[in-house]
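Please read this short briefing alongside the sequence and the 3D view that follow.

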Amino acid sequence: MAQQQETVLAFRELTRRFGGVVALNKFDMELTNGQILGLIGPNGSGKTTSFNVLTGIYEANGGSIEFLGQDITSWPAQKVYEAGVARTFQRSRLCLELSIFDNIMIGNHKRLDQGLLFNIFKRKALREQIRENHEEARKLLKIFDPALADKMFDPVGSLRMIDRRRIEICRALISHPRLLLLDEPSAGMTHEETRELMDDILEVREMIDGLSIILVEHEMGMIERVTDKCIVLNFGQKICEGAYRDVASDKLVQEAYLGGE
């Protein structure tokens, strides 16, 4: 799908330290509208740290973050979410006892009227809001697996791993983000499930106009297939950027991450 090349996200010399350890060292990055960027590197290279700084969990010690033309470097997590950034995590953050619908709605609180007076006295409007959100959740689930849309009130704990990941991604997408951050979505999956998830990510990009995605992943087959470009981090520094084929053949990358001879 052709996309206007608007810059959605830019890191400028982004730095994060933990005491004497430099987790991100003047990291520069740009992401354009509709692009899927793969962020790869060894464990501890700064990939998840970059997500945590971007989403306001950690403060930056230097540099800047621009999102849709705004400097969001010092914004708290809630404000970043409200601006249009949503994410998943390495470890599942689902409430296993709750239903699929309830878990998805956790990601939609910025668009729900949660006022006490509304919920007590405007019951008709509340029912309509629930109906609309139920329908929207069903539409998202159908992108991944139509069968999931018929299990809206089943507990998430009864689902297989790939379906739990799908619920987590739907929970992020329900808030209508412009930027989706996926942190090792294939973790714990079989090769077949990973292949299915690749198809899902590409389908989401096609179905949701203007959505940009950053993918942190150790499964190189997924990175190769779904990303438009890659950035490689090592010890918090960017050591390579480009298409997967070029990155994978880079000597520094092979030595640092891909097992060069």
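Between domain 1 and domain 2 there are five residue pairs in polar contact, with both residues at pLDDT 80 or more; a polar contact is a pair of N or O atoms within 3.5 Å, where within protein one must be able to donate a hydrogen and the other to accept it, and residues adjacent in sequence count only if both atoms are side-chain atoms. This is a predicted model, in which local features need pLDDT of at least 70 and side-chain atom pairs count only at pLDDT 80 or more, while totals for chains, interfaces and linings use all residues. Residues are numbered from 1 along each chain as its sequence is written, and side-chain values use heavy atoms, with hydrogens and water left out.

**The two domains**

- Domain 1 covers 1-84 + 177-261 and domain 2 covers 97-175, with bounds that come from an automatic or database domain assignment.
- The centres of domain 1 and domain 2, taken over C-alpha atoms, are separated by 27 Å.
- To the contact (heavy atoms within 4.5 Å), domain 1 brings 21 residues and domain 2 brings 16 residues.

**The surface between them**

- About 1,600 Å² is buried between domain 1 and domain 2, and carbon and sulfur atoms give 66% of that area; buried area is the accessible area (1.4 Å probe) that two parts lose on being put together, summed over both.
- Of the area that domain 1 buries against domain 2, Tyr81, Pro177 and Asp200 supply 32%, more than any other three residues.
- Three salt bridges are counted between domain 1 and domain 2, a salt bridge being a side-chain nitrogen of Lys or Arg within 4 Å of a carboxyl oxygen of Asp or Glu.
- The side chain of Asp200 also meets that of Arg166 in a salt bridge, at 2.8 Å from N to O.

**Two buried residues**

- Ser175 lies in the loop between helix 6 (161-173) and strand 7, where helices (H or I, at least four residues) and strands (E, at least two) are DSSP runs numbered from the N terminus.
- Ser175 has a relative accessible area of 3% and is therefore buried, since buried means under 20% relative accessible area, exposed over 50%, and partly exposed in between (1.4 Å probe, protein chains only).
- The side chain of Ser175 reaches the backbone oxygen of Ala172 at 3.1 Å.
- Ile100, placed in helix 3 (residues 100-106), counts as buried because its relative accessibility is 0%.
- Leaving aside neighbours within four places in sequence, Ile100 is in contact with residues including Leu141, Met152 and Ile167.
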